[in-house]
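Here are some notes to keep beside you as you look around this structure for the first time. Take the points in any order you like.

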2 protein chains.
Amino acid sequence: MSSTRRVTIREIAEMSQVSVSTVSNVLNGRTTAMSAETLQRVRRVVAEVRYRPSSVARGLVTGRTSTIGLVLAEIETSLFFSAIGSVEHLAREAGYNVIVCHARGARDEREVVSLLRAKGVDGIVFVSNSEKDDDSHLLALPAAGIQAVVINRPRPGREIGRVTWDDRKSVAAAVEHLHALGHRRIAHLRGPHSRQSAKARLSGYRMGLRSCGLPFRSEYVRLGDYNDDPAGWAASTCELLALDPAPTAVIGADDSVAAVAMRTVQQAGLRVPDDFAVVGVDDQMFAPLLNPALTTIRLPIREAAEGAFTMLLGNLTEEAGGMRDLRLPAQLVVRESCGGAERTARN
Amino acid sequence: MSSTRRVTIREIAEMSQVSVSTVSNVLNGRTTAMSAETLQRVRRVVAEVRYRPSSVARGLVTGRTSTIGLVLAEIETSLFFSAIGSVEHLAREAGYNVIVCHARGARDEREVVSLLRAKGVDGIVFVSNSEKDDDSHLLALPAAGIQAVVINRPRPGREIGRVTWDDRKSVAAAVEHLHALGHRRIAHLRGPHSRQSAKARLSGYRMGLRSCGLPFRSEYVRLGDYNDDPAGWAASTCELLALDPAPTAVIGADDSVAAVAMRTVQQAGLRVPDDFAVVGVDDQMFAPLLNPALTTIRLPIREAAEGAFTMLLGNLTEEAGGMRDLRLPAQLVVRESCGGAERTARN
DNA sequence: CTGAAAGCGCTAACAG
DNA sequence: CTGTTAGCGCTTTCAG
């Protein structure tokens, strides 16, 4: 291993005929009171050898690493990946790097947090799938000088930032939209109760029904567990179709479930949206590609990720704690799968 | 900021009534020649205060950070995200963390590499979208003691690992499959020429045609630029359908293009797969959710990512350079969109 | 306005 | 088998 030894600040100093502290000063922009000539010389040498100070050494002395952790609970749903892109982009612009970690449960998360602390990250953003977790390990973060913000998850403590969106209200809005389109029998393929967001969506479904003056019928709610097999979603859809009276619209637990529901409905000989309307939740990349294009509730994951990082950075740089709360709207993206407004009321 | 100061190895030593080196030894498993009693004592203290040595300090002295970089060229395609999950999983099991970076072009990539070097990463894996890039900045890595492996991209140098799959051959296999199903007029919605993989797929298309004794007709090849708007893909599909004789099957540049092609065909009144077959490339998460479920070429991204990390780790730990090359198969996943084998030859 | 020197928290010789 | 000590590469007082 002939590892060409890395260039050090000392060597730069020698080559530039100045002391290390001078080099350090130009490196860190403390260049106000410095002879222009010296500055030039140092800069030239630095550029010539492509010198870049070791972040590790710098981190040891400053206590900051310009690195943040991003811990994802659910790395499977591609939607959450978009959070990585957003955070990474903003982070790099601000001179930060991001270490991505996957933490399935609370146990895993504790371990990850411990690791990230050892790594000396300046802050951590947690993107949750909203499982109910033990949060004590998050509480210790601010005291240790590590900023933290959670996305889509209950706030663990006052000093921890939080960004959320309203699953409940947006699903209710979807119900209302369907109602306005003339639908009176609206079903819901609900997600697993283990997910906070799935429960919120179910609750939003009931809320929407209520606000439209529609009755809640338990037989119109079936399981569409997005962590499970698509066959189950199709089966639930078939059950819905077999009901008398059958629903004329369904809101899926997420876009995948909605896609399968739509297919199942179509394969049963019904046309979407003419005979049956389908709406999803997520607005995944494929939603506009389906036939018909899927109307869905757009979850503001990107915005949330950006907001979280911005919050983190703010709390990191400013003395006085900055913003600690951000609520984002989740809005219905109307495409083709629920038909146009020209539909007449039906029974 | 009342940052509770971090516990140091010295304090652990004092609390355990031993020297720092002893603590360091137990921390690093050099515990063979040590009184069991001492070992116990140190371990208890470490556990009690939840002490975890600073990776930063350790990194400074050892020259290793147990961190690897993962640089993605195309962070948009959710498919590449699965690489993150794979690498992160394996990495963490091996005691590594991964810093994820997005680098659009060569310029960006140079910058990222420089940054990652400053951060002291032990290795870097590059996931490419196969744009033709300047690779000189990769060449310097091994000499600097940083392992590197590229995925889906030409090998920049002998000391750099590489994992690839054969786009060409797999598309040819898809053509052959279609031919076996009775299709004689097979079209291709090609990707942009700026992408190496798109060119390889086009080449595979021609190769497949040849091996089936089918003529290449340039009017059967239209643009389906997956970086562009879906409207363009639909337009290209319409052009194909307007041809006389029209093709009876199409291979999309990727799954998204295929999805839109399928929809366009269906909206033109044709049934898929009965009247027209569609096959995609990627096997994205939504492929099995379409109606009908999309037959597609499964790109081994996960395996590639895993292979890349394994290679990296091998080259990192073993003295003698380990494996430097890995070719993975990309196989056709037959679902519903191209019909069963019962189709009879048509003209 | 520039240079010398003291660490940051840890590892790894090297003595005892 | 355990303790002392010299750095890793950098930042940052503090003198000159």
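Is B:Gln17 buried or exposed? The first point below takes that up, and please keep in mind throughout that this is a predicted model.

1. **A residue between two helices.** B:Gln17 is exposed, because 11 other C-beta atoms lie within 10 Å, and a residue counts as exposed at 12 or fewer. You will find B:Gln17 in the loop between H1 and H2 of chain B. Its backbone deserves a look as well: B:Gln17 has a positive phi of about 60 degrees although it is not a glycine. For background, most residues other than glycine have a negative phi.

2. B:Arg50 is not a glycine either, and its phi is positive, at about 55 degrees. This residue sits in the loop between H3 and H4 of chain B. B:Arg50 counts as exposed because it has 10 C-beta neighbours inside 10 Å.

3. **H1 against H3 in chain B.** Helix H1 (residues 9-16) and helix H3 (residues 36-48) of chain B pack at an angle of about 125 degrees, and their axes are 9 Å apart. H1(B) and H3(B) are therefore oblique to each other. The crossing in which H1(B) passes H3(B) is right-handed. On the H1(B) side the contact is made by B:Ile12, B:Met15 and B:Ser16, and on the H3(B) side by B:Arg41, B:Val42, B:Val45 and B:Val46. By class, the residues of this contact are 5 nonpolar, 1 polar and 1 charged.

4. **H2 against H3 in chain B.** H3(B) also packs with H2(B): the two axes come within 10 Å and cross at roughly 85 degrees. That angle makes H2(B) roughly perpendicular to H3(B). H2(B) brings B:Thr22, B:Val23 and B:Val26 to the contact, while H3(B) brings B:Thr38, B:Leu39, B:Val42 and B:Arg43. Here the residues divide into 4 nonpolar, 2 polar and 1 charged.

5. **Around DNA strand C.** The surface near DNA strand C has 13 nonpolar, 11 polar and 2 charged residues.

6. **Around DNA strand D.** DNA strand D is surrounded by 26 residues, and the closest are A:Ile9, A:Ser21, B:Ser19, B:Ser21 and B:Val61. H2 and H4 of chain A, together with H2 and H4 of chain B, each supply at least two residues of this surface. Which helix gives the most to the surface near DNA strand D? The answer is H4(A), with 5 residues. The classes near DNA strand D are 13 nonpolar, 11 polar and 2 charged.

7. **Where the two protein chains meet.** The contact takes 47 residues from chain B and 45 residues from chain A. On the side of chain B that touches chain A, the elements giving two or more residues are H4, H5, strand E2 (97-102), helix H6 (106-118) and helix H11 (255-267). That side of chain B has 24 nonpolar, 18 polar and 5 charged residues.

8. **A residue inside H5.** B:Phe80 is found in helix H5 (residues 78-93) of chain B. B:Phe80 is buried, because 22 other C-beta atoms lie within 10 Å. Look for B:Val127 too: B:Phe80 and B:Val127 are 47 residues apart in sequence, yet 7.8 Å apart in space, C-alpha to C-alpha.

9. **Two cis peptide bonds.** Most peptide bonds are trans, so here are two places to check. The bond from A:Asn291 to A:Pro292 is cis, with omega near 0 degrees, and A:Pro292 is in the loop between strand E9 (277-282) and strand E10 (295-298) of chain A. The bond from B:Val272 to B:Pro273 is cis as well, with omega near 10 degrees. B:Pro273 lies in the loop between H11 and strand E9 (277-282) of chain B.

Definitions and conventions: Residues numbered from 1 in each chain as written. Chains lettered and ligands numbered in written order. Predicted model: local features only at pLDDT ≥ 70, side-chain atom pairs only at ≥ 80, totals over all residues. Axes fitted to C-alpha atoms, helices over the stretch in contact; angles between N-to-C directions. Helix = DSSP H or I, 4+ residues; strand = E, 2+ residues; numbered from the N terminus. Parallel < 35°, antiparallel > 145°, perpendicular 65-115°, else oblique. Left-handed = near helix turned anticlockwise from the far one by under 90°. Contact = placed C-beta atoms within 7 Å. Nonpolar A, V, L, I, M, F, W, Y, C, P; charged D, E, K, R; others polar. Buried ≥ 20, exposed ≤ 12 C-beta atoms within 10 Å, placed from the backbone. Near = placed C-beta within 6 Å.
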